[in-house]
Amino acid sequence: FIRIESDFPPKNRPLLQRPVGKLTRMHLNRTLPYLVNEIENLCDSHPNDKGVIHAHSYRIAQHIADNLPRSLNWRLLTHSGPEGREATLDKHLNSSEPTVLLTPSMTEGIDLFDHLARWQVICKIPYPYLGDPQVARRKELDPDWYQWRTCLTMVQAYGRSIRSSNDFAVTYILDADFSAFAAKQADRLPGWFLDAIQVE
C-alpha cells in the first residue's frame, strides 16, 4: 500500500476530544446520560449548522433520540432500521433547516459536503459487533483485521463532513477510550488523521 499526505488543512478539520465516559458494554448505561447531555450542548453550540451524529448502534441512537430535549426534535432526523436510512438522508440533504442526522449506519458512502455538515459527533469507537458470528470468527483468525477494520471505520466516519481542501467542519469524539485507542493504533491510523486531534 502507499501512504500519502492529505491536502486538507488540519485547521479546517479539527478532531476535538470531549470525553464523557466509557461506552463499552459494562459502562454504557452509566455513560449514556452524559453522552446525551454533551450532544445537547453541541446542538446548542451549532444552532444554525447542519450536523451528523454517528451513534454506532441503534440502541445508542434510540437513547439519544428519546432523551434529548423536545425543543431539539424539529432538528433531529433519525431512523430505526436500515429501511429508513435513505429517506432520512434525503430529508437532511433537501431541508433548508439546520437539521442533524442521528444514525448508526452512515460512516461511509455519504457525501456531506460544505453546509451539509459543519459539525459531527463520533459517539463511540466503532469496533465491529462481535455478536456477528462472521466478525467473531474473523477476529479469531486474524486479530489485526479487527483493529484495522475499527480504524478504517473511524477514519471513514471522520471524513463524511470534510469533502475537499476548501471544506471545513469540526468533529467531536465523546468516547473516553479514544485517547488510548489513538495512541495504540498510531501505526494504523493515517498521520493526517492524528494531526487533527486536539484536546480541549
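**View 1. Arg163 and the residues it touches.** Setting aside neighbours within four places in sequence, Arg163 is in contact with Phe8, Ile110, Asp111, Leu112 and Phe113. Keep in mind, for this view and the others, that you're looking at a predicted model. To find Arg163, go to the loop between α5 and β6. Is Arg163 buried, exposed or something in between? Its relative accessibility is 32%, so Arg163 counts as partly exposed, since that label covers values between 20% and 50%.

**View 2. One face of helix α2.** Helix α2 runs over residues 58-67, and its buried residues are Ile60, Ala61 and Ile64. Looked at down the axis of α2, these buried residues fall within an arc of 100°, so they line one face of the helix. Here's the background: an α-helix has 3.6 residues a turn, so residues three or four places apart point the same way. What covers the buried residues of α2? The cover includes α1 (28-45), β2 (51-54) and β4 (100-103).

**View 3. Leu35 in the largest nonpolar core.** This core has 26 residues, and Leu35, Ile39 and Ile64 have the most contacts inside it. Which element gives the core its largest share? That's α1, with seven residues. At least two residues each come from β1 (15-21), α1, α2, β4, β5 (119-122) and β6 (170-175). Zoom in on Leu35 and, not counting residues up to four places away in sequence, you'll find it touching Val20, Leu23, Ile60, Ile64, Cys123 and Leu174. Apart from this core lies another one, of 17 residues, including Ala157, Ala169, Ile173 and Ala182.

**View 4. Where helix α4 meets helix α5.** Two packed helices are described by the angle between their axes and the distance between the axes. For α4 (residues 133-141) and α5 (residues 143-158), the axes come within 4 Å and cross at roughly 120°. Which residues do the touching? On the α4 side you'll see Val135, Arg138, Lys139, Glu140 and Leu141, and they meet Pro143, Trp145 and Tyr146 of α5. Sorted by class, this contact has five nonpolar residues, three charged ones and no polar ones.

Notes:
Residues are numbered from 1 along each chain as its sequence is written. This is a predicted model: local features need pLDDT of at least 70, side-chain atom pairs count only at pLDDT 80 or more; totals for chains, interfaces and linings use all residues. Side-chain values use heavy atoms; hydrogens and water are left out. Buried means under 20% relative accessible area, exposed over 50%, partly exposed in between (1.4 Å probe, protein chains only). The arc is that of the directions from the helix axis to the C-beta atoms. Contact means heavy atoms within 4.5 Å. Axes are lines fitted to C-alpha atoms, for helices over the stretch in contact, and angles run from 0 to 180 degrees between N-to-C directions. Ala, Val, Leu, Ile, Met, Phe, Trp, Tyr, Cys and Pro count as nonpolar, Asp, Glu, Lys and Arg as charged, and the others, Gly among them, as polar. A nonpolar core is a set of buried Ala, Val, Leu, Ile, Met, Phe, Trp, Tyr and Cys residues joined through side-chain atoms within 4.5 Å.
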